[in-house]
Amino acid sequence: GSLVAAVLEHSGRLDKEHLGARVGRLSRRGEVCTMINKKYVEFLPSMRGAEDLVAQVEGLTNNIDQLKGHIENEVQRDLNVAGAEFTELKQQLERDTLVLSVLKKLQEFDTAVKEFHSALLEEQYVTAAQQLEKARSSLRILESRKGFELKILKALGKELVVQTQNIIYHLWQEWQKLIVWKLPPSKGSSSLEAVVLSELHLHTVPPQDKDTAVPPVAAVLQALAILGELHYKLKDFGHFLLQYILKPLILHPSLEPVSEEQPDVFILRFGSQELALDEASPMEVFDKIKLVFEVLHKYLLNVPLEQPGEGKVTLAELLGELIWEELSDCLIHNCLVKSIPTNSSKLEQYKEVIKSTEEFEKALKKMQFLKEDTTALLKYACNVNSHFANKKCQDVIMAARNLMTSEIHNTVKITPDTSVALPELPDPGSGDHLKMHRPSNLHAGMVNLGSESRLSPLTLSLPTCRISCSVQQLVELAYHTLLEATASTDLCCLQLFNCVRDIFQLFCEVVPTYHRENLQKLPQLAAIHHNNCMYIAHHLLTLGHQFRYSSASVLSSVAVTFVDLVPGFRRLGVECFLAQMRVQKGEILERLSSARNFSNMDDEENYRAANKAIKQVLHQLRRLGMVWQDVLPVNVYCKAMGTLLNTALAEIVTRIVALEDISAEDADRLYSLCRIMVEEGPQVFTPLLEEDKNKKYQEEVPVYVQNWMTFKELMIILQANLQEIVDQWADGKGPLAKEFSAAEVKSLIRALFQNTERRAAALAKIK
């Protein structure tokens, strides 16, 4: 019951709430309807106004459509017709304007040509040239118009060319009247006799008679400038001026300019000095050139011109641009170069040349011949130290090369006490250094090394020999050049030092190449070349050190030495001499090859061939001994002759030992041949001119000939019996054993003796 009551109570409460909500909704709907009615009342007039506007817009649209149709059908057609008419009128106007402008230019061309002819007849060349340029300008404009071509333009162009050549011809004629050259008959000749006939006549002052008056030079030059022809005329004038006036003054010191002024002409010619120096100083040359330019400036070059595109210039400026480069080169190479001192002591005097060069350039600039920034001559003159070094090096190299290519056989004898003409070397300064005088005299007296040790006065001296005079002069040249270097500036000093090195390096290249054929064919020249190389190497050992301590020279602070060149010179001399030795050895062996191996000497023909070969070898050795006599140092001479004689003896020994059968007669004849070698061989040792002094070296032949004792032992074997041979062997301890091997001795015994018990016993003892 309580549950039902609760449900009913809940349902009643819900109905009440639902009813309340429904009443609330109905009240709100009423409010909305009221508001809608109000809005409708307000909207109705606006809608009616909009409908009226729509009706009006539709009316306007109809009117626009009608207007558009009218424009498209009638107005557009009228506009197209008007546009076509406008375009046609515009084209007609352009054609008329073009024709008018062409006619105007043709009129200008015609007027300019007429005024040109009038001015040309009156010899008003500047006006004529200006009118001709106006005509050319008009024609150029006419030709530049595209799509408008007239046949008359070609005719006008031809007429313009003709009239241009006409006025140029007239101007050239006037130029030739103003400037007259009188040249020698042989124009190409530059000899003094030819150039002295050259004259320049300047007709710059017109005469009083107006009928024959020459137009002023300014008018002719200005007209040429307007026409663009002045450059070519000035170029020709500059060429003649250089070739016939300026260059002769530079190249011929005896020439001097002579000027002569007359009422209507100025004449420039040459005068010749009878007593003239071989070379003129730069100051004299500058004065002559300056005089010429002053005269030309007064009578010709001081003319102001209106140059197209450049403004106002003077004729001097234009001429200077054309000829200055060539003129300055000529002045440098034929004047300033020759004035560069050859001795550093004269460098101070060169300041006068520098001052004169500066004044010369200033004078030319004042005359407007040179621009202000042009200083080619002055720069060259101021750089005298570098030019001095270059010239000095060039002179030294040329002198050295002349010495290297001179004859080698002109010799001078060098001895340990020879005093070579070398310069007095500078004092190395205070301290423990010894004062150096002549390097060749450093050996004077004994050198004390302390306590009891002493060196010979000939220690480190070059042995007596002969060297080429040219090589002695070459070494003296090197000493003098280095002495010159010590008194020069640092840059020049180093350059001269390197120049001396170049001299010796050049020697290694030039002499072997230039004298190759003679050095290969002539033994004496090969020996002299050997001595030359050793002589140079001897001086190179101390050449640099002798100049190192000069306080005023940069050489004291750098590594000054020539020692690195010494091995090359020694190798050069030795290789040349050894090559000659190989040639001589080859000839000796070739001659001995005709001896028929020294076999069958009992045959008379074979014996004569062997005897001839021996005599030819001895003759060759005697000839070599004579050509090397008093040339090679004694020790080198003896070693060389000993080597060649040893070659002959060794070949003879080898050939005889190789024989398989030697009869008693063969042995006797072989012995006689060997005796010739032993008796005459030492006589080829003649190193000195004095015969009595050569005996010492002839007695010392075994010292220089390695196979001398071998050869003598062979002679003993050829004449000995078996017992004597065994005794000479002495169980391998005798003199024979020192020279021959056991096999060689046995071979000789078998060849000399028949096969007997005694020979067998002797062979058994040879072991």
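The model is predicted: local features need pLDDT of at least 70, side-chain atom pairs count only at pLDDT 80 or more, and totals for chains, interfaces and linings use all residues. Residues are numbered from 1 along each chain as its sequence is written, and side-chain values use heavy atoms, leaving out hydrogens and water. Helices (H or I, at least four residues) and strands (E, at least two) are DSSP runs, numbered from the N terminus.

**Helix α5**
- The buried residues (under 20% relative accessible area, 1.4 Å probe, protein chains only) include V217, L221 and L227.

**Helices α12 and α15**
- The axes (lines fitted to C-alpha atoms over the stretch in contact) of α12 (residues 469-486) and α15 (residues 523-543) come within 10 Å and cross at roughly 15°.
- The two helices are therefore roughly parallel (angles under 35 degrees, on a scale from 0 to 180 degrees between N-to-C directions).
- Their crossing is right-handed (the near helix is turned clockwise from the far one by less than a right angle).
- Contact (heavy atoms within 4.5 Å) involves V471, Q472, L474, V475, A478, Y479 and L482 of α12, and N532, Y535, I536, H539 and L543 of α15.
- These residues divide into nine nonpolar, three polar and no charged.

**Residues 50-77**
- An unreviewed UniProt entry lists residues 50-77 as "coiled-coil region"; such annotations may be inferred rather than shown by experiment.
- In the model, residues 50-77 are 100% helix and 0% strand, with the end C-alpha atoms 40 Å apart.

Notes. Parallel < 35°, antiparallel > 145°, perpendicular 65-115°, else oblique. Nonpolar A, V, L, I, M, F, W, Y, C, P; charged D, E, K, R; others polar. Buried < 20%, exposed > 50% of the residue type's maximum accessible area, 1.4 Å probe, protein only.
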